[in-house]
Amino acid sequence: MRATGDATMVVGTPMNRVEGVEKVTGQAIYTADVVVPGITYAVLVQSEIPHGTVTADSLRASTERALAAPGVLHVLTPLNSPALHAPPRQMSDDLPLERRPPLSDLTVQHVGQHMALVVADTLENATAAAASFELVYERAQPQLSARDVLGDADGFGIGDGAVRHGVYQPDHFVKLEEEKLQDSRGAADEPLGAARVSATYTTPLNTHYPIELSATVAQWDDDVLTVHDTTRWITGERMALAAYLGIPEAKIRILSPLVGGAFGSKSFLWMHVALCAVAARDVGRPVKLVLTRDQMFSSTGHRPRTEQHLSLVADDAAHILSTEQHTLTETSTVAHFCEPVGLSARFLYDSPRLVVSHTVARINHPTPCFMRGPGEAPGLFALEVAMDELAYASNVDPMELRLRNGTDRDQASGKPWSGKHLRECYLQGAERFGWDERPMAPRSLHRDGLRVGWGMATATYPGRRMPASCRVTTDATGRVRFASATHEVGTGVRTVMTQLAADAAGLDVDDVGFDSGDSLFPDAPYSGASQTTATVGSAVYEAATEWRRRLDDMGGRLDRLTAGQLETLTFITTSEGAAEGGATSQSFGAHFCEVTVDEEIGRVSVTRWVAMMDCGRVLNPKLARNQVMGGITFGLGMALLEQVPYDVHTAQLIGEYYLPTHADRPEFDIGFVDVPDYGLDPVGVRGIGEIGTCGVPAAISNAIFHATGKRLRDLPITLEQLMTPFDADGGTP
C-alpha cells in the first residue's frame, strides 16, 4: 500500500482497461453468453403491417400450429398473455417507455410490433415454430411521416390514452425542466441585419447498430425474478419491470455484467424483456431471448427524422442579431420522445433575439429514443452549417465568426459557466490543423486530381451529474472492492473508477477492484448523457476518501487491523447530484476536418481530423482519446452513410444499413484543454462520450462545400447529391 500523493498516482495516466484481456481473449461474459441450467429459448413473432388489427382467428390457428411443432413448450399471444400493467406516468411521460404494455390488445401500431412469443427446447425449434405463424390483418390507413400527421384534419394532439395520435409541443427535454424545447427571448420581429441565412436542414432515421445484439435471460425462483439483460439502467429497468409485472422491486434482480455497445439503445426497458419474464413464469423454466439484427431495427429504438428550419441574422460586423430554429420530428403512437435539436442554439452563440420550437408528430412507427448525442448531434448539423453559411454571407472566416459571437455565460439561464475554454479549443485546434493556410474561396484546393476542402464546427454537450451510491468492502488480504449499480458499456467505466478509487484511498491500483452491473449494488442512474464518470465517480471518490480517513484514524496500516476494524472499512456512501442554483456545466470543443472529393464518381473521403475538447479533467488520456475517436467515426457515419432504408408505402425494411469501417477512418489528432471543472463534481470531470459526435456532420458538410462549392443540407450526403448539377451559389437547379 502506498501513501496518498505519491508520484505513482494513476489518475491522469493512460492505463489499459481492467477487463481488456478478458475481452480480447473471448473470456468476457455478455448477456447472451450466460448459461443457466434448464434454459429454454424464445423467438419473437412481429407484425408485418404498420397499422391495423390482427384477427383472433389467425392468432389461434397459428398458435395451434406452433404448439404442434417439435420441442415447443409455450406460445404467448394477446389471447392468453397475462394482463400487464401500464408503467408509472413519471416514467412514460418523460422517457420513451411505452405506455401500452406488450400483447395487451389486437391492434397494430407499427411494423415489427411484438405479436407473439414462442418458447421451445432449442433455438432452432423456436425459430421454426415462429416462422410457421401466418397472421391475417384488418388494415387501417397508417401515418408514416410527420407531414402525414400535419396534413390530417383530425386535429392537434389527439387522445390521452395509451395510444395517441396527432402532434404536440413538449415543454422540456425528459426530466430536465431547465432544458426548454420552446423558448423565445428578445424582440418579437426578426431584424433586417446585414447578412441573413434561412434554410431547411434534414436528418434521416438512424439506428444504433451496436455490435452486441439485445439479449435477455429471465429466471424465476419461487416469486423472485432474476433477469440478465443488455441494459444501461439496471435500477430503472427493475422499476419499470416491477410496474409492468405488478410485483415489488425487491423481488427483482437485474444483472448486466458487460454491455457490448449501446449508443442509447439499451438505456431502459424494452418490451421484449417483459415478455421474456412472463414466458419464464409461464413455463416454469429460464427463458433466453436474443433479438436478431433485423429485430433490433424495430425493437430497441432509433434516432427519429428531423426537419429543421433555421434562420440567422447578423449585423455588418458579423455579430449575430437573431437566431431561430424550428424543428419537426416524430415519435410513435405509444410513447413520448422528442429529439431536442434546438437546445444548443439557446446558449452556444450570443444572440439578443432567440426563438426555438419543437413539434412532435405521432406516427405508425416504432418508438424512437436517445442516440449518441441526442439532440446535439442532429441539431448542431443544422446550426453549424448555417453558421458556415453566415460566415460566407458576412465574408468572415468561419472560425472568426464563432470567436466574435462567443458568450461568457449561459444565455438560457443567465448563469456563468462552471468552466469554459472553447476559445482555447478554437485557437489550439486551428494551429494544429493549419487553418490559417485555408483560402476562403470554395474550389481553391486540389490534390492528386481531387477537390480538397477544409471545414470546421463547434461541439458541445451538457455536463451532468446525478445522485449515486458506492459500497466499499475490505477483506483480510488487503483487497478493497468498490461497487455501484452502474455499467461497463465499453467506455472504460471500470477502469477509471479503479483509478479514482486507488488514488483517493492511497492504494496501489492492483489492490483495488470495481464491480458493476448488478441491481443489488448501491443505486446509480442510467449510463447515458455522458454523466457516469461525474456521477458514479463522485460516489467512488467520496467512498475512497472516507475509507482513507477511517484507515488513518486506526493507524494507517491494513496489515495490523483486527476483524472488527476491517468491518469499519466496509460501508456505503451516497453522493448527491449537481448543486442547486450553481453555475451551468457544459463541455465544449472544436472539430477541424479535411475531405477529398472525386467529383466524377461522387466519392467523399475524410482524410484528416483535428479535435480539441474542453471536458474538464481527463482521468485517462488513452480512454478519453479513444472515446472522441469513436464519436467522430460515429458522426462520420451519420454524415455520409447512415439511414434506415424502408419502403415509404409499407414501412418494411429494405436494403442495407451502412456503417463506417476502418477504411473510412481519417488521420486523428485529438487534444484536450484538460482544465478541471470542480463546479460540477469533486473529481473535476465532465462527460466525454457524446461530445465527440456533436458537430462532426456539420464539419464534414462544410468541408465538402469548401471543396466543391455545393451547399448540402440533407443527411446523409450521398454520391447522388454530389453528382447532381448545381448553380454558382451552391444550390441545385
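**Close-up views of a predicted model**

**View 1. Strand β15 and its two partners.** Strand β1 (residues 40-46) runs parallel to strand β15 (residues 287-290), and three bridges link the pair. Strands here are DSSP runs of E with at least two residues, helices are runs of H or I with at least four, and both are numbered from the N terminus. Two strands pair if DSSP finds at least two bridges between them. Thr40 has Val287 in β15 as its bridge partner. Strand β12 (residues 215-221) pairs with β15 in the antiparallel sense, over four bridges. Here Ala215 stands opposite Val290 in β15.

The model is predicted: local features need pLDDT of at least 70, side-chain atom pairs count only at pLDDT 80 or more, and totals for chains, interfaces and linings use all residues. Residues are numbered from 1 along each chain as its sequence is written, and side-chain values use heavy atoms, without hydrogens and water.

View 2. Thr367 sits in the loop between β18 (353-363) and α9 (376-394). Thr367 has a relative accessible area of 2%, so it is buried (under 20%; exposed is over 50%, partly exposed in between; 1.4 Å probe, protein chains only). Its side chain makes a polar contact of 2.9 Å with the side chain of Glu98. Another, of 2.8 Å, joins Thr367 to the side chain of Ser332. A polar contact is a pair of N or O atoms within 3.5 Å; within protein, one must be able to donate a hydrogen and the other to accept it, and residues adjacent in sequence count only if both atoms are side-chain atoms.

**View 3. His706 in its helix.** His706 belongs to helix α16 (residues 696-708). His706 is buried because its relative accessibility is 0%.
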